[in-house]
Amino acid sequence: MAATISPSVTTSRPARAGRGKPIDRQWSVPYRFLLPYLIVFAIFWLWPLIDSFLLSFQNTRVNPWTVDVAVNWRRLWVDQAFHAALRNTLIVLVLQVPIMLALATAIALALDSPKLAARPLFRFAFFAPIVVSDVAYSVVFRLLFNGQYGAVNQALTAIGLPALDWLHDPTWMMATIIIAVTWRWTGYNAIIILAGLQTIPKDLYEAAAIDGAGAWRRFRHITLPLLKPVIVFALVLSVIGTMQLFTEPWLITDAQSSGVSIEMLGTYLFKQGFRNLNFGYASAIAYTIAAMAAAMAAFNLLLARRSPT
Amino acid sequence: MKTTVAMRPGFAGRALAATLLAGATLFGGAAHAADDVSGEITVWSWNVAAAALQAVVPAFNKEYPNVKVTVQDLGNQPVYDRGLAGCAAGGTDMPDVYSVENGEAEVFWNRFPECFSDLKTMSADEGALLAKFPAFKLTELTVGDKVYALPWDSGPAVVFYRRDLYEAAGVDPATIVTWDDFIEAGKKVIAKAGGNTKFVSTNGDTSWFRMLANQAGCAYFDEKGESITIGQPGCVQALETIKKINDAGLFMSGNWDETLTAIKANALASAVYGGWYEGSIRGNAPDQSGKWGVFKLPAFEKGGNQTANIGGSALAIPASSKNPKAALAFVNFANGRPDSQITQLKASGLVPTLPEAVNDPFVKEEQPYWGGQRIWEVVLGTLPDIKPSRGTQYFAEADSLVSAAYTNFLKGQGGSAQAVLDDAANQIASATGLPIAGK
């Protein structure tokens, strides 16, 4: 870092700009510091963003590619496979995200409790899933949920419940994905919410306790309202993450092979792009996903700002 | 041992060896001085196919001592995925020899005409070698007068079955003539075996459908790849038959590895697949030697067609190969010589497509693993009756749409087989822009 920045520092001496240099030369200082990043951003982010937007207006299945403004966008409207992927993604969103955030809040409260012994250990334990490589964890989940030999079904049958086809029956595949994603991301969200909890002044609780408020009322009227910005932040992150869901359907429920799979927007996008080799259509899907995620995030933020705290 | 000797001969020995080898290769059409060809080549392939190529390497190195061959087993789908990504990136990170399934091949030549070398331009002798292969293997590898890959194996489908499990249930495979017989036999076998044992396996992909449709003379597209034919009667018959197998509870669900695990655990009584599955069963469950056998596909009705093809591949040479000469030498050696094709048949059950190999005496030998049966006679005997079928450049696209329709139909959704396939035809039409045949 230092090596990349130092040339611009020494040539323009921005650090000494305050001494006798005209004030208007200072405006460029932050940009010069940002320059290395901005160059990388422009090449590896901005240009691909623009290029894929342009691609979405091209027919990329002919050689050479031709401009055909409507070919991909029109297909989005009639493509049943895309609609199925969208439906599946929204199901995960509606079911998994609220469950996960409720769990995360509960865990955060527990981790914040002074009564809990070995708090750092527990905090790490809940955060640990995020440290595991997603490929490794997917392999383990695929073994756990194996219909014939998996530990999950062994446990179910041991207590007299029927074994379920977790990896091949579409309904249970959805459940497997939801369980896996929840396992992986709940601790992460709990840590974010825990950070939020620790910013709530303790004297508020003391005052409420003196006024006779019970634990539930303190949670309902102090903790929750003050936590709201943090929970909304976690919600926005989770919504974006779910819209881009890929690893779990790809590896755990085996969307990578051509068998029965639950297609999500992410896996469908990949298949259109890299298996059917239709970059134009894949770009149109990508922009649709991005637009929907942005709209949902904006809606969440709007809700958070509106209601009184 | 012989390989090591051949790799380090003294100068005189080397010259002598080269002369001898050059003489020996004349009949194979590869009369180049093998010593001129040197360097390292990487080959991408998958499971049994990779093992088959690996089995050819020792003989190849006797003739081409200066070429180091590395066969990488990436798995079937990753080879396709990484190949497309590599071509899309302008040919970076590609091997020197690339395995491609015939049915999936056309997307490469159509979208990336520059990604692979035209074999005919690589050597003057190549045209004569290519001309030996049957036309149905070359259709999908040819664009205009360019040929992008050398045909390799084909996948004549048969039923692999556990003799002991059938016998225990009192089922004689000779009496299984139609698919209805097959279903009745399946019910008996799994009832007798009990436990987790199932009759056949599927991972829910379309391979069952493509096999039975091919048997019935139907495919996603017509032979020229110009119209969609999936709504035609043969495909409907195929789908209805699979539904009957499904509804009889004969299927276990499992992907490639899980199916092999089930075989090993004695939990699968049959497998219906291309001849190339032979090597997988044999390699996976060596302790079941003598317990397996093979019979022809049941027909839709008595006297009907009992042949189908599933899979079958070719070897291509990426244009970005730094060692195209060595790559071509290997491809020609592995696929263009009857002895190499028989080596691969022995190693992995890859069914030769080179006509000279089909008549090799090994084909008529009794196979101990298969209870002394002459299985290759059964498998290769079906070759003449197999109906051609064309993947087209839209194969992956069509296949994913069919896969969804197929899964829904087996779950009892979407109405009749005809309605489901008509709907799939419409979806393929809207995805590819091709017309539906007869409309």
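Which residue in S3(B) is the bridge partner of Val43(B)? In this predicted model, the partner is Val97(B). The two strands involved are S1 (residues 39–45) and S3 (residues 97–101) of chain B. They run parallel, and two bridges join them.

Now step back to the whole sheet. Strands of a sheet pair through backbone hydrogen bonds, and they do so either parallel or antiparallel. Here five strands of chain B form an open sheet with mixed pairing. Read across, the order is S2-S1-S3-S13-S6. Strands S2 (67–73) and S6 (149–151) of chain B stand at the edges. Each has a single partner strand, so one side of each lacks a neighbour in the sheet. On average, neighbouring strands are turned by 25° against each other, direction ignored.

A helix joins the picture. Helix H5 (residues 102–111) of chain B packs on this sheet. H5 of chain B touches S3, S6 and strand S13 (313–316) of that chain. Its direction makes about 120° with that of S3(B).

Next, look at two loop residues. Ala118(A) lies between helix H4 (80–112) and helix H5 (119–127) of chain A. Its phi is positive, near 50°, and the residue is not a glycine. Ala118(A) has 9 other C-beta atoms within 10 Å, so it counts as exposed; the cut-off for exposed is 12 or fewer.

Thr392(B) sits in the loop between helix H18 (375–381) and helix H19 (395–410) of chain B. Thr392(B) is not a glycine, yet its phi is positive, about 65°. Is Thr392(B) buried or exposed? Thr392(B) is buried, because 26 C-beta neighbours lie inside 10 Å and 20 or more are needed.

How values were computed
Residues are numbered from 1 along each chain as its sequence is written. Chains are lettered from A and ligands numbered from 1 in the order in which they are written. This is a predicted model: local features need pLDDT of at least 70, side-chain atom pairs count only at pLDDT 80 or more; totals for chains, interfaces and linings use all residues. Two strands pair if DSSP finds at least two bridges between them. Helices (H or I, at least four residues) and strands (E, at least two) are DSSP runs, numbered from the N terminus. Axes are lines fitted to C-alpha atoms, for helices over the stretch in contact, and angles run from 0 to 180 degrees between N-to-C directions. Two residues are in contact if their C-beta atoms, placed from the backbone, lie within 7 Å.
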